[in-house]
Amino acid sequence: MSDQRKEAARINIFYHLPQNFGPESKVVIVLHGVKRNADRYRDNWVNHSEKYGFLIVAPEFSMADYPGADQYNLGNMFNTEGKPNPRACWSYPVIERVFQKVVKLTGSAQKRFYVFGHSAGAQFVHRMVLFAPPRSMAGAIAANAGWYTMPDFSEEFPYGLKGAPLNKEGLKNAFICPLVIMAGDKDTDPHHKYLRRTPEAMSQGEHRLARSRTFFKAAQKEARALGTEFNWQYVLVPGVGHSNRKMSLFAAEYIAAQ
């Protein structure tokens, strides 16, 4: 797939407009996992939408237009030869465009949005915060990511920042963004079928819970070393494993409180 076609790719959007929707209703963009089942993710948020008045928007990064982890989880920052793609071809800017389109179509007066991603969607979210945080994003939640791009300039991308389009000033800006690393305390299966088991991923921990802690602690340490503001949070969700539906309960409550 050429960069030109990728840049022009259309995207399906699944949404739910609550009965009490108004111009000031919060907008929540929900990002699906590896199965690319945006409709199911939207469905998991319908009750939260009605309870809190959220406008739920679930864009579908289809396998046809965004094949593989490189074009979704990793944001299509590099082509198949490992060469940098133009920023216009990255997947991350789609989120801002989706928000602006939704605001126009619904008559929303919101200037900012929240974004929640689970599993592969959480990989997308934390890398979006690192490399291309949307200008209209009020806050982000990355829940149960399988592995992370560590805030480490000595480790090669995608496991670290070496060779990635980010410098220390950019990392400082990322640390200022309100990001929640959310982890289920039962997401501890070291043999989960979708869990990456490369040596680099395993160095982050044997399961998703361990990897979330490794990532957050590394970010805290790097922010201190850079002497910068750090607006990330770590939220441990009790009694929940690798479940988007169950994690969404806590994510919705968190967003409602903001």
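This is a predicted model: local features need pLDDT of at least 70, side-chain atom pairs count only at pLDDT 80 or more; totals for chains, interfaces and linings use all residues.
A nonpolar patch here is built from residues with over 30% relative accessible area and no salt bridge, with side chains of Val, Leu, Ile, Met, Phe, Trp or Tyr joined within 5 Å. The areas come from the Shrake-Rupley method with a 1.4 Å probe, and for residues only the protein chains shown count as cover.

Residues are numbered from 1 along each chain as its sequence is written, and side-chain values use heavy atoms, leaving out hydrogens and water.

So, the patch. Ile-13, Tyr-15 and Leu-17 make up a nonpolar patch on the surface, and together they have about 280 Å² of accessible area. Tyr-15 sits in strand β1, residues 12–16; strands (E, at least two residues) and helices (H or I, at least four) are DSSP runs numbered from the N terminus. With a relative accessible area of 53%, Tyr-15 is exposed. The cut-offs are under 20% for buried, over 50% for exposed, and partly exposed in between, with a 1.4 Å probe and protein chains only.

Next, salt bridges, meaning a side-chain nitrogen of Lys or Arg within 4 Å of a carboxyl oxygen of Asp or Glu. The structure has six of them, and I will go through some.

Arg-42 and Asp-43 pair at 2.7 Å, N to O. Arg-42 is buried at 18% relative accessible area, while Asp-43 is partly exposed at 42%.

Arg-135 and Glu-96 form another, at 3.9 Å, N to O. Arg-135 is in the loop between α6 (120–131) and β5 (137–143), and Glu-96 is in helix α5 (residues 93–106), so this pair ties together parts 39 residues apart in sequence. Arg-135 is exposed, at 66% relative accessibility; Glu-96 is buried, at 8%.

Then there is Arg-208 with Asp-187, whose closest N and O atoms are 3.6 Å apart. Arg-208 belongs to helix α9 (residues 208–226) and Asp-187 to the loop between β6 (179–184) and α8 (199–202), so the bridge links parts 21 residues apart in sequence. Both Arg-208 and Asp-187 are buried.

Last, cysteines. How many disulfides are there, taking a pair of cysteine sulfur atoms within 2.5 Å as the rule? The count is zero. As for burial, Cys-89 is buried at 3% relative accessibility, and Cys-177 is buried too, at 13%.

Methods: Patches are made of residues with over 30% relative accessible area and no salt bridge: like charges are joined within 9 Å, nonpolar side chains (Val, Leu, Ile, Met, Phe, Trp, Tyr) within 5 Å. A disulfide is a pair of cysteine sulfur atoms within 2.5 Å.
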